[in-house]
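Here are my notes for you. Keep the sequence and the model open as you read.

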Amino acid sequence: MKLVYFATVREAIGLSSEECHVPQDACTVGDLVARISARSEEHARALHDLSRLRFALDQEMVTGDTLLGAAQELAIFPPVTGG
Amino acid sequence: MKIVRISNAAIQPDQELAALTGLGGGALASFTGIVRDDGGVTAIELEHYPSMTEASLYRLIEAATARWTLLGAVITHRVGIIPVGAPVVVVGTSSLHRAEALEATAFLIDRLKTEAPFWKREHYADGSAKWVEAKASDEARAERWV
């Protein structure tokens, strides 16, 4: 799966995207984010507080309890501030 | 008539709204968001999620046209570095009578602010920059439409 990061999450992790193998026991977006946060200190700092993060699965806004299914891309970012 | 446009260059509200005239309606309502001179801000920088942005704005227009009888709707959002005083976003709708266009325009900008994948960073005269935090008041305004 492709992971894409925006704004403060992108800056904290130091990457705009990376690839990730989805473990068999990671069923939801929240499960996968918990796994990703173990990748490095930077990942842990960027991803430790799920309540301050928002997610899009294959370009659709979702919540942390959404099932990953066969999705190809998970985006992780802070609450949006456009307009 | 539904138009969504993401622009890296300056946007002219009149040009963005021109497509809404001549549709036979009696009302054209619009909102233009402008970069505010907030405590020494010289410019803002808009980051977005290119593969998602246009689809998410189009979905907002679909939701508005399902709720109100509109003749047309336009959303144009600028991205990149935008100086103080310049337009960031233009939202416009046209309808037969004013109530639909006025409400649909408020709906579109309120929901855009909490659902469309844009992130804003303020740049200051001393060269520093700061990400803008989402506001609870924006969330409350968007929830009025649920």
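How many salt bridges are there between chain A and chain B?

1. The count is four salt bridges between chain A and chain B. A salt bridge here is a side-chain nitrogen of Lys or Arg within 4 Å of a carboxyl oxygen of Asp or Glu. One joins A:R10 to B:E47, with the closest N and O atoms 2.5 Å apart.

2. Mind the ground rules. This is a predicted model, where local features need pLDDT of at least 70, side-chain atom pairs count only at pLDDT 80 or more, and totals for chains, interfaces and linings use all residues. Residues are numbered from 1 along each chain as its sequence is written, chains are lettered from A in the order in which they are written, and side-chain values use heavy atoms, with hydrogens and water left out.

3. Now the contact (heavy atoms within 4.5 Å). Chain A brings 20 residues and chain B brings 26 residues. About 1,800 Å² is buried between the two chains, 56% of it on carbon and sulfur atoms. Buried area is the accessible area (1.4 Å probe) lost on being put together, summed over both parts. A:V80, A:T81 and A:G83 supply 35% of the area that chain A buries against chain B, more than any other three residues.

4. Turn to chain B. Four strands (DSSP runs of E, at least two residues) form an open antiparallel sheet, in the order β5-β3-β7-β8. Strands pair if DSSP finds at least two bridges between them. The edge strands of chain B are β5 (80-83) and β8 (129-131), each pairing on one side only.

5. Look at β7 (residues 118-124) of chain B. β7 pairs with β8(B) in the antiparallel sense over three bridges. B:R121 stands opposite B:W131 in β8(B).
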